[in-house]
Amino acid sequence: MRPTIVLFDGNEGRRASIAGTLRRIWHVEPFDDIADLVRFRTDNVIFALVDDRDGDVEAVAEALGDAGIPVIAYSDTIEVSRVVDRSHAGAIDYLEYPFDFKTIRGRVENSLRQRGGSTDERRRKAQARAKLDSLSARETDVIRAVAIGSSNKGIAQQLGISPRTVEIHRANMFKKLDIASAAEATRLAIEADLV
């Protein structure tokens with residue numbers, strides 16, 4: 001079974017043209033509607049290619065976020081501020097359209113290599129991030145400090161709160177994450193790139 005890519009573009013003609021080019025190596029699933037994409041099973045998807053004209057990069061990255069699928073954005077022109085914004089929204093690369101097959105294949109392979117490893121690894125990272133999203137801002141501060149080896153007293157001093165308050169935040173964090181040790185908290189924080 002060939003690896004699958006998601007292609008998200010609101011322009012039907014451009015979407016068909018890009019899909020035709022990319023089908024030389026990948027199976028392509030084209031979309032122009034976020035609702036359809038949310039319902040799509042992402043098994044075997046290695047990346048998503050998203051047109052940035054309508055500002056859909058963030059919505060697509062969010063829709064695919066739980067599966068840990070990398071997003072590559074593209075547009076007619078490349079503006080530095082836009083590239084930075086899309087990077088913060090979840091895009092791992094940005095291409096100028098039109099692009100040829102050789103360019104996109106090279107950029108995709110390079111992006112996947114830099115992204116680090118297998119689909120399983122990306123999935124674990126996305127799952128860890130999703131778990132950590134359930135934490136309050138203060139609980140996130142606490143898990144970050146736990147992950148770098150700080151004691152309750154050290155965390156309290158760092159955050160300007162009492163050690164007892166740290167214990168309460170730590171207990172709440174452990175309960176929300178369904179973990180029982182600082183080692184598990186550290187693993188989750190590292191997997192989610194929190195530290």
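A residue is called buried here when its relative accessible area is under 20%. By that criterion, strand S3 (45-51) of this predicted model is mostly covered, as seven of its seven residues are buried.

First, the overall picture. The protein contains 10 helices and five strands, and 41% of its 195 residues count as buried. The C-alpha trace spans about 60 × 35 × 30 Å along its principal axes. Of the contacts between residues at least 6 apart in sequence, 54% join residues that are at least 24 apart.

The five strands make up an open sheet with parallel pairing, in the order S2-S1-S3-S4-S5. Strand S2 (27-31) and S5 are the edge strands, each pairing on one side only. From one strand to the next, the twist averages 25 degrees. In general, strands of a sheet pair through backbone hydrogen bonds, in either a parallel or an antiparallel sense.

S1 and S3 are joined in the parallel sense over five bridges, and leucine 7 stands opposite leucine 49 in S3. On to the next pair: S3 and S4 are also parallel, over four bridges. Alanine 48 has valine 71 of S4 as its bridge partner, while aspartate 51 has tyrosine 74 in S4 as its bridge partner. S4 is in turn joined to S5 by five bridges, with the two strands running parallel; serine 75 stands opposite glutamate 96 in S5.

What about the helices? Helix H3 (residues 57-64) has Val57, Val60, Ala61 and Leu64 buried. Viewed down the axis of H3, these buried residues fall within an arc of 100 degrees, so they line one face of the helix. An α-helix has 3.6 residues a turn, so residues three or four places apart point the same way. On the other side of H3, Glu58 and Glu62 are exposed. The cover over the buried residues of H3 includes strands S1 (4-8), S3 (45-51), S4 (71-75) and S5 (91-96), together with helices H2 (34-39) and H4 (80-89).

H7 contributes Ile143, Val146 and Ala147 to the contact, and H10 contributes Ala182, Ala185, Thr186 and Ala189. By class, the residues of this contact divide into six nonpolar, one polar and no charged.

Finally, two backbone details in loops are worth a glance. The peptide bond from tyrosine 97 to proline 98 is cis, and its omega is near 5 degrees. Proline 98 lies in the loop between S5 and helix H5 (101-115). The other detail concerns aspartate 178, a residue other than glycine with a positive phi, near 55 degrees. Aspartate 178 is found in the loop between helix H9 (163-177) and H10. A residue counts as exposed when its relative accessible area is over 50%; with a relative accessible area of 68%, aspartate 178 is therefore exposed.

Notes: Residues are numbered from 1 along each chain as its sequence is written. This is a predicted model: local features need pLDDT of at least 70, side-chain atom pairs count only at pLDDT 80 or more; totals for chains, interfaces and linings use all residues. Side-chain values use heavy atoms; hydrogens and water are left out. Buried means under 20% relative accessible area, exposed over 50%, partly exposed in between (1.4 Å probe, protein chains only). The arc is that of the directions from the helix axis to the C-beta atoms. Contact means heavy atoms within 4.5 Å. Two strands pair if DSSP finds at least two bridges between them. Ala, Val, Leu, Ile, Met, Phe, Trp, Tyr, Cys and Pro count as nonpolar, Asp, Glu, Lys and Arg as charged, and the others, Gly among them, as polar. Axes are lines fitted to C-alpha atoms, for helices over the stretch in contact, and angles run from 0 to 180 degrees between N-to-C directions.
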